Amino acid sequence: MSEKQQRLVLSIIDFLNQSINDGTVKADDKESLEVAVQCIGEAFGVDPANKEQVEKLSVKPTTLQSIFDVYMKTREKVGARTQAADAPAPKALSADDKAKADKLKQEGNAFMSSKKYDEAIDMYNKAIALDGSNPVFYSNRAAAHSSKGDHLAAIGDANAAIKVDSSFSKAYHRLGHAQYSLGDFKAAVAAFEHGLEIDPNNSGLKSGLANAKTKVSSGNDVSSIDTDSAGAGAGAGAAGGGLADMFRNLGGGGGGGGMDLASLMNNPQVMQMAQRMAAEGGLERLMQNPALAGMMNSVQSGNSFPSMQELMSNPELRDMASQIGGAFGGAGAGAGSGAGSGAGADAGSR
């Protein structure tokens, strides 16, 4: 029995169990469906009660329903293209339409900075409706989908951006990040490699490729922490070095605005650092820092998370970053300052 088949079977079992629990199935039919679930699992060697096997085979946060939804949307789009094949060629895009589309993109970027991903997607949808020839619009929408955890939709948009402009390197970064997040590490390697063929000096693509290759060679599940790659940037080069570079790679210093906390929390390197910091008491000391308290109060009041430029221009916050670097360093000091993201985490919007 292949692992791909077992992944599909586990997704089916999860869907059926969800249907039992959420009332989709009538009470009279629950017992029969529970028996069917047991029989399906036994036939394919899948035990949903086996935690180790579930961690290995699970495709979460993706669900069978979301996969099917993507398929249906893709089929509808393909059908629409087929029907439009004989239609007259569309009129040339006016400068006014291009300007309107760009303004909608900027509004979407502002929503991304505020972590309002649904609103951002809506703006990018409208921009694409006006100008479907701009790969940035699809790429930014891919970033919004990834930020929501909908990595399948992100893959679709990244591929759409590549179809529009195969030399747009950021689309390969989006694609690799989404594939990595879904545990398809080999596909992520291919995406990052394609991107580096176009932009050989791109640090985000290099970091993503290195971590994806590590996952392929180790066979680890995407949810596990890769301590080898995580330790590479855990040294003492903080405010002006490794920590700042890591945050920039995660979207903190680019044109997209605030730092992407979702990417941070999904980054194995950051999680490894946080665990070490908590174990050594550094987290408690950090939370007592008045600069951090002021920053978090500002965020809770509705302001967006400060960009890396804002962080580094504030002496107190710069000192706080130095404290974080020192807390994370410990025995690993001097291990290197070029920390990259765990999955080549998505960069900011354009």
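Helix 1 passes helix 2 in a left-handed crossing, a term for the near helix being turned anticlockwise from the far one by less than a right angle. The model is predicted, with local features requiring pLDDT of at least 70 and side-chain atom pairs counted only at pLDDT 80 or more, while totals for chains, interfaces and linings use all residues. Residues are numbered from 1 along each chain as its sequence is written, and side-chain values use heavy atoms, without hydrogens and water.

Helices are DSSP runs (H or I, at least four residues), numbered from the N terminus. Helix 1 (residues 3–21) packs against helix 2 (residues 27–44) at an angle of about 170°, their axes lying 10 Å apart; axes are lines fitted to C-alpha atoms over the stretch in contact, and angles between N-to-C directions run from 0 to 180 degrees. The two helices are therefore roughly antiparallel, a label for angles over 145 degrees. In contact (heavy atoms within 4.5 Å), residues of helix 1 including Val9, Ile13 and Leu16 meet residues of helix 2 including Leu33, Val37 and Phe44. By class, this contact has eight nonpolar, three polar and two charged residues.

Salt bridges, in which a side-chain nitrogen of Lys or Arg lies within 4 Å of a carboxyl oxygen of Asp or Glu, number 10. Lysine 100 forms one with aspartate 96, with the closest N and O atoms 3.4 Å apart. Because lysine 100 and aspartate 96 are four residues apart in helix 5 (residues 95–113), about one helical turn separates them.

Residues 101–134 are 79% helix and 0% strand.

Terms used. Angles under 35 degrees count as roughly parallel, over 145 as roughly antiparallel, 65 to 115 as roughly perpendicular and the rest as oblique. Ala, Val, Leu, Ile, Met, Phe, Trp, Tyr, Cys and Pro count as nonpolar, Asp, Glu, Lys and Arg as charged, and the others, Gly among them, as polar.
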